[in-house]
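This report looks at a few features of one protein structure. Please view the sequence and the model alongside the text.

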Amino acid sequence: MKQSVLDVHQLNKIYGKKSEKQFHALNSVSFAMAEGEFVGVMGPSGAGKTTLLNVISTLDTATNGSVKIAGTDITAMKQGQLADFRSSQLGFIFQDFNLLENLTVYENIALPLSLQSVAVRNIKPAVESVATKLGIEAILNKYPVTISGGQKQRVAAARALVHEPALILADEPTGALDSKNARSLMETMVHLNENHGTSIMLVTHDPLSASYCERILFIQDGKLYKEIHRNSTRSAFHQDILDVLAQFASPDMD
Amino acid sequence: MLLKLSLTSMRKLAKDYLVLLFGLTISISIFYMFETLAQNKVFLEANSLISSIVFVFHVGTFILGIITVFYIFYATSFLLSLRQRELGMYMTLGAKKRKITQLMFMETFFVGLTALIIGIVLGVGLSYGIAELLMWQLDFQGGGFQPLYSSSLLITVLFYVALFFLTSIVNAWRVGRKSVLSLLRSGQQQDQVKTSGLRTFFGVLLSVILIAVGYYAMVHIAELMQFGIILATATIIPGTYLIFISLLPFLVKRLKQNRNLNETGINSFTLGQLRFRMLNLMMVLGTVAMLIALGLGAMTAGTSFYHNIGIQASMFHANDVVLYEPNETEKQTLATMDVTEEEDYRYKYNDEGVYFLKTDLEAAPPDVMAFEEGSEGFSPTTPEAKLSADEYALYGEEGVTELPGNWWTAVSTELGAGSMFGNRSIFVYGESSYQEVDGEEQHVTLAKLNDFTAYLPELEKLDASQKSLAETYTGNQVEQLGGKYSNYVALKGFASGTIFMGVFLGIAFLMMMASVLMFKLLSSAGADVHRYSMLRKIGVRKTLLVRSIYRELFLLFLFPAIVGIVHVIVGMQMFSFIIIEPYTKIWIPLTLFFVIYGIYYFITVQMYKRIVLPKQF
Ligand SMILES: Nc1ncnc2c1ncn2[C@@H]1O[C@H](COP(=O)(O)OP(=O)(O)OP(=O)(O)O)[C@@H](O)[C@H]1O
Ligand SMILES: [Mg+2]
């Protein structure tokens, strides 16, 4: 058994103060993710997927429960430490790209390295190598407004990867892409996962994108509802996912 | 329908509109404030030491007008940036382009008129408040100054209505020209500023030439006169803007090209921020530099005139205090001051004359101000020690030698014997003759102070009591004793109008400078919020973000300050024909400026931080 990169234990998230109306967005969620695994998270809108990702990514704090990333319990860390942890151990890809439009593609990708005080002479090779992996070496000197949505998402992926984080967290990275670009991005992620051993956690609505994962966690109303593994081909897995989603649509059939 | 939609969305953007209104309002009220002086010819001519003051104010109106045009165009383009996205959305929903253009025109004009009304009310209030405060401080009557002045009102209204009409057309035209897509995507685009080396070189060269010509004109203002003022205006303003337009993008580009710098920590972001809104920045920073130059210049000129009074008053008197027959109160008052030299001289007086004892004078000859060959002007000199004759008179009495050169000045000016004793003849007698004089013996104290202007209230008291003493000697009403203090008061009477104008305008311009920078900051902060939140997400520590803000704003504050201060330092040469030493105590307005500017920088950083960095983080 590989070492686990992520360990979520009895995680609860309640929105709203005690005095106000409270909302239980995550309800005793527990699961683990092995190093090098590619895990998908699915569920209906409002199920708590983004909340889960935000807590894992240390952007939001859990009400109780623990989250361990690469052996470190993040729920006990202070703000400053969390920022450092994010910048060194995590990589993010968001639905709305979140590139800095005042920096070139190159500068966007280089930023995590600069922030970690990587020696300047090491930055350029690292950026170029990750850009080559993602096929964006030709647009390094452009500004984000002048590139396509698919390219932006690759840049975001490159920036998430450049500092070789322990875990990549992606929230609907294909949400704003057409199916061709979406497929190409997913193939890139699989490539990274298989050839470079990158651990990825992906939140998505799209069954096709999800079918690239090895394992899918389904959540509903803040609870872990079901978990399926990919056993054979991707298209078979796609079918399995569609079946589970159909149960969400009409729960009585189960 | 569209109008209704746009009204609701204006309500939604209330905060941004407030920022815009604030920026426009301050500009209008300052313009009005300036015009309350500029249009009031009677007041100007009655109260200024500068002969062509009305002309100077005409040029001032012109300069302020140009700066205002730049600023208002920048401010209204902020309105455009606020509304573009929504207007683009209306168009995707089927609104006609003509309608959208109309809407933009109406909105810009409406916001402008609202600002005009508030601005004028505020301007009248500010003129009144600041004028009252200064007049009280300077002890200056300022007859003829009117905070509510109809011709100033008229010119302000005309100027701004025309300006807003123009900017409304430009805004409408810019909306009309853009495609739906670029409207929708607005806010993400980066201003494209070309920075080829050759362009920069010629830009900088031209601006240096322009500024050099302007400086030459200011230094030689005494010969060039009004033409010099026009020449300086026509060269320095475009030169200043040009230097920001050509040099700034180049400088930032250069900094960014330095990989060691750019790829360290958060520098790439800080510099990216600067580069991102370069077009707006160049305009704003040029405007700020001009306003600093005008404001600090007016302030420095005002204070320089003020210090000039002290220098001029010292031109004819080496000693600061003369006390005849000092009584207890006078002695005590003198004791409270920082006295550097103090001498007593005996004299006798009767109905015919006043007789100073020669030996006392010879023992400690009083310093006088004498014109020395080859030197710049008057300087303190000690009269030659010996007086060979036994009897001297101040004015040619029959059979008595007249006092020689500097001794004459010592008795008449330093001791002020003439005005103290009225019609009596004044003599200097040797020991034996002195003994024979039938009269009451008294003594006079002559003192030098470390800092004359530090003791004005005390000196006023001494002057009053000496005046009443003089009245007992002369038996007449005495208007002025003619000592250093009364000279000072008289000179101040002449200069206070000019000082008032300088400080009044200084405050006005610096206020406008503050509002321009503040406006720049607040108008762009909204768009920066998501960038900071994104940096936070990828794990940038707050301390690092704060440092980035400090640095970015520091650069924004630094460039215009440097240019503005250099303008001021050279510009002070313009006054060298009327002020003896224009640079005396220039550190006072400069320090004041740095302190205020520094505080202002700090407040700006804090406000910006509050906008772009959420609290809990
Ligand atoms: N800051 C908040 N305060 C209160 N409630 C919140 C907050 N953020 C999210 N919620 C609630 O928590 C629930 C889970 O939200 P979450 O964003 O995690 O859903 P999601 O699964 O990502 O949905 P989607 O697929 O639509 O993105 C929702 O019902 C939402 O209304
Ligand atoms: Mg979500």
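Into which domains is chain B divided? The model, which is predicted, has a domain 1 covering 1–186 and a domain 2 covering 321–480 in chain B. The centres of domain 1 and domain 2 of chain B, taken over C-alpha atoms, are separated by 62 Å.

**The nonpolar core**

In soluble globular proteins, nonpolar side chains tend to be buried together. The largest nonpolar core of this model has 160 residues. The residues with the most contacts inside this core include L37(B), F57(B), L459(B) and F500(B). F504(B), L535(B) and Y597(B) belong to that list too.

**Helix pairs**

| Helix pair | Axes come within | Crossing angle, roughly |
|---|---|---|
| α5(B) and α6(B) | 8 Å | 155° |
| α9(B) and α12(B) | 9 Å | 135° |
| α3(A) and α5(A) | 7 Å | 25° |

In chain B, helix α5 spans residues 97–138 and helix α6 spans residues 150–177. Angles over 145 degrees count as roughly antiparallel. The axes of α5(B) and α6(B) cross at roughly 155°, and the two helices are therefore roughly antiparallel to each other. Their crossing is right-handed. Sorted by class, the contact of α5(B) with α6(B) has 17 nonpolar, 8 polar and 2 charged residues.

Helix α9 of chain B covers residues 221–257, and helix α12 of chain B covers residues 278–314. With a crossing angle of roughly 135°, α9(B) is oblique to α12(B). The crossing of α9(B) and α12(B) is right-handed.

In chain A, the axes of α3(A) and α5(A) cross at roughly 25°. Angles under 35 degrees count as roughly parallel, and α3(A) is thus roughly parallel to α5(A). The crossing of α3(A) and α5(A) is right-handed.

**Residues in loops**

Two residues have a positive phi although neither is a glycine. For E164(A), phi is near 45°. E164(A) is found in the loop between α5 (149–161) and β7 (167–171) of chain A. Is E164(A) buried or exposed? Its relative accessible area is 70%, and over 50% counts as exposed, so E164(A) is exposed.

E325(B) has a phi of about 40°. The loop that holds E325(B) runs between β1 (321–324) and α13 (328–335) of chain B. At 22% relative accessibility, E325(B) counts as partly exposed.

A further loop residue is T104(A), between β6 (90–93) and α3 (105–115) of chain A. Why does T104(A) count as buried? Buried means under 20% relative accessible area, and T104(A) counts as buried because its relative accessibility is 11%. In sequence, T104(A) and I139(A) are 35 residues apart. In space, T104(A) and I139(A) are 9.0 Å apart, C-alpha to C-alpha.

Key:
Residues are numbered from 1 along each chain as its sequence is written. Chains are lettered from A and ligands numbered from 1 in the order in which they are written. This is a predicted model: local features need pLDDT of at least 70, side-chain atom pairs count only at pLDDT 80 or more; totals for chains, interfaces and linings use all residues. Side-chain values use heavy atoms; hydrogens and water are left out. Axes are lines fitted to C-alpha atoms, for helices over the stretch in contact, and angles run from 0 to 180 degrees between N-to-C directions. Helices (H or I, at least four residues) and strands (E, at least two) are DSSP runs, numbered from the N terminus. Angles under 35 degrees count as roughly parallel, over 145 as roughly antiparallel, 65 to 115 as roughly perpendicular and the rest as oblique. A crossing is left-handed if the near helix is turned anticlockwise from the far one by less than a right angle, and right-handed if clockwise. Ala, Val, Leu, Ile, Met, Phe, Trp, Tyr, Cys and Pro count as nonpolar, Asp, Glu, Lys and Arg as charged, and the others, Gly among them, as polar. A nonpolar core is a set of buried Ala, Val, Leu, Ile, Met, Phe, Trp, Tyr and Cys residues joined through side-chain atoms within 4.5 Å. Buried means under 20% relative accessible area, exposed over 50%, partly exposed in between (1.4 Å probe, protein chains only). Domain bounds come from an automatic or database domain assignment.
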